[in-house]
Amino acid sequence: MVLLDVRNLRLYYQTTKGILKALDGVSFELEEGETLAVVGETGSGKSTLAKAITRVWERNVSLVDGEIYFEGEEVLHMPEDRFRREIRWRKIAMVPQASMNALNPVITIGEQMIEPLVLSGVPKGEALRLAQDSLESVGLPRDVVARYPHQLSGGMKQRVVIAMAIMTRPKLLILDEPTSALDVMTQANIMNLLKELKARLKLTYIFITHDLALASELADSVAVMYAGKLAEIGSSEDMYGAPAHPYTQGLMASMPTLRTDKQLAYIPGEVPSLIDPPRGCRFHPRCPYFAKDKALKGLCDDMEPPAFELKPWTGRRHLAACWLYK
Amino acid sequence: MAAKMLDVSDAPWVRADSLVVAHRLRLWYSVKRGLFSKPIYVKAVDGVSLSVARGETLAVVGESGSGKTTLGRTLIRLLRPTGGDLIFDGRDVASSDESELRKWFRRRVSIVFQDPYSSLHPYHSIGFILEEPLIIHGVPKGERMERVYKALEEVKLTPPEDFVNKYPHMLSGGQRQRVAIARATILNPDFIVADEPVSMLDVSVRVEILTLLKEVQKRYNAAFLYITHDISTAKYFSDNIAIMYAGKLVEYGPFRSVVKEPAHPYTQALIEAIPDPDPKNRLRPRKVAPGEPPNLANPPSGCRFHPRCPFAMDKCRREEPPMVEVRPGVYTACWLYK
């Protein structure tokens with residue numbers, strides 16, 4: 001069953017330099033129980049995607065357009081009041097980027113965990129018990145509720161914010177770079193926890209990261225974003241086995257690996273400005289195929305590529321927005 | 001001053017004739033709990049012996065709190081060791097005072113910090129950031145700008161005239177780290193410490209910076225200490241590796257040999273924790289050590305890793321393991337090999 005269906009999602013910000021097109025026509029579907037990794041460089045729009053799905057965008061937003069269907073119901077344009085009461089946190093929860101550093105230092109963990117529950121009418125004792133259950137399920141002792149954030153290590157704080165997100169048993173959990181400030185051993189422990197929670201609570205994840213190797217720890221499918229657009233999406237088998245978009249190929253080649261020997265390469269240049277993105281395919285100024293093949297001149301730098309289906313695919317449709325696959 | 005040779009026979013992996021030699025180096029931070037209470041000591045670096053020769057890269061790997069950053073800062077004397085010996089180019093620098101160090105030592109060592117967003121002064125232009133070390137160390141005015149331009153070209157911030165008048169906030173993370181590398185190499189140092197230079201950067205930018213560091217190391221034939229928690233980034237230019245845990249050295253050896261066949265259970269767990277881009281990963285949990293590194297003010301008795309070690313025996317809880325040679329050149333501190 002399709003849990004989340006995002007259609008032509010656009011989100012623009014008004015800045016002093018002009019309209020910033022953070023998301024510009026993103027479409028994908030997510031099955032119940034599936035884990036989708038959203039991968040891209042800084043400034044590719046991956047965090048904005050998370051904010052758009054949970055409707056927590058910044059105040060300077062100038063356009064929100066497209067449709068998001070969650071369990072068959074449109075949620076992007078439903079009244080905010082209803083979204084807040086029925087969807088956000090209850091059905092779609094998020095672990096925002098660096099949220100473990102946003103814990104209030106002068107309030108106990110327990111108090112900040114139960115605050116939203118108490119406000120929505122759950123008795124305090126009941127809420128506290130729920131918080132303790134939730135802490136236990138992320139592998140922390142129940143008495144953490146009485147502690148303050150400074151008494152916990154980075155890995156423990158990250159577990160606390162995950163516990164906060166799953167406390168109301170959501171269906172969809174959006175994780176925005178949940179391990180980016182942690183070192184490798186703690187990261188591996190958190191990834192083990194996420195695997196275990198997924199199996200136990202039947203969660204659907206959107207896992208946002210800039211690290212393709214880390215994404216493979218969790219992902220059933222991978223979506224690669226570039227400059228506010230989806231460059232490529234497909235099952236993990238297809239994406240790691242046969243990456244199609246030149247940008248995905250570049251990302252794969254630039255990953256340091258420990259166990260296999262390969263020559264590292266990198267993609268020259270920088271992510272383009274989202275205020276004035278390149279015409280045509282947004283990747284063409286950095287694309288090695290475009291630089292080599294004269295036949296692509298006038299195509300890639302003029303017309304935006306639609307998503308082409310690549311066959312054969314396994315698991316889910318393998319789509320790449322690249323003129324090479326016309 | 002006559003070259004001083006240390007007796008390092010108790011640490012056979014240390015080559016006493018190297019450029020940088022640390023022997024049983026110790027850095028304990030003292031923390032006062034109250035006005036009249038006795039200070040407690042946080043043993044960030046506790047009896048570490050190692051050496052880095054010219055042209056060699058030593059990777060120092062460990063989790064946060066293992067003392068790796070403190071070790072790096074002590075080796076270039078940003079911190080004064082509280083015990084042990086520290087020899088640089090045959091001269092003892094362990095207890096020299098700052099005015100003495102400024103005469104000869106400071107210009108020969110440098111450091112690249114982890115976070116390029118806070119290691120560059122926001123009100124100084126890139127040109128001045130690079131010129132400042134030249135001013136301090138008395139490079140004549142006529143020569144300075146030429147060297148700044150050359151340094152920018154070497155880190156591929158070209159054309160340099162576009163960058164000298166820019167300020168750090170106008171650059172991306174990768175570009176800032178290039179400036180930090182240029183600043184660290186502008187005085188042609190003999191010893192460079194790179195403290196997690198890529199951990200704050202996007203994966204796609206890391207390779208550019210690693211490639212650049214490798215070039216720099218080759219060009220200057222400097223001794224290089226690469227500090228990281230992620231062994232996979234160290235792979236591309238490290239000769240030797242030292243694994244640290246809770247202020248102690250737990251394994252030392254040639255990089256490839258250690259990574260291929262890690263001896264210490266901690267090294268094994270560190271390597272197991274590194275993800276490879278393989279979609280089959282999602283089907284199995286990783287066998288990593290649970291828990292967190294210990295508090296360095298009150299480390300566990302015996303082997304400091306024993307509370308997290310899957311092979312912990314009675315002896316591990318009581319006695320501290322010595323470093324033993326498990327294969328030619330590979331030393332580890334673990335009772336499994338005794």
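Here is a short tour of the structure, one selection at a time.

This is a predicted model, in which local features need pLDDT of at least 70, side-chain atom pairs count only at pLDDT 80 or more, and totals for chains, interfaces and linings use all residues. Residues are numbered from 1 along each chain as its sequence is written, while chains are lettered from A and ligands numbered from 1 in the order in which they are written.

**Start with chain A.** Colour chain A by secondary structure and you will see 10 helices and 12 strands (DSSP runs numbered from the N terminus: helices are H or I with at least four residues, strands E with at least two). The C-alpha trace of chain A spans about 70 × 50 × 40 Å along its principal axes.

Where they touch, 5 residues of domain 1 of chain A are in contact with 6 of domain 2 of chain A (contact means C-beta atoms, placed from the backbone, within 7 Å).

**Now bring in chain B.** Show both chains: the contact takes 37 residues from chain A and 35 residues from chain B. On the chain A side, select α6 (184-201), α7 (212-215), α8 (236-241) and α9 (246-253), the elements that give two or more residues. Which of them gives the most to this side? Zoom in on α6(A), which gives the most, with 8 residues.

Definitions and conventions. Two residues are in contact if their C-beta atoms, placed from the backbone, lie within 7 Å.
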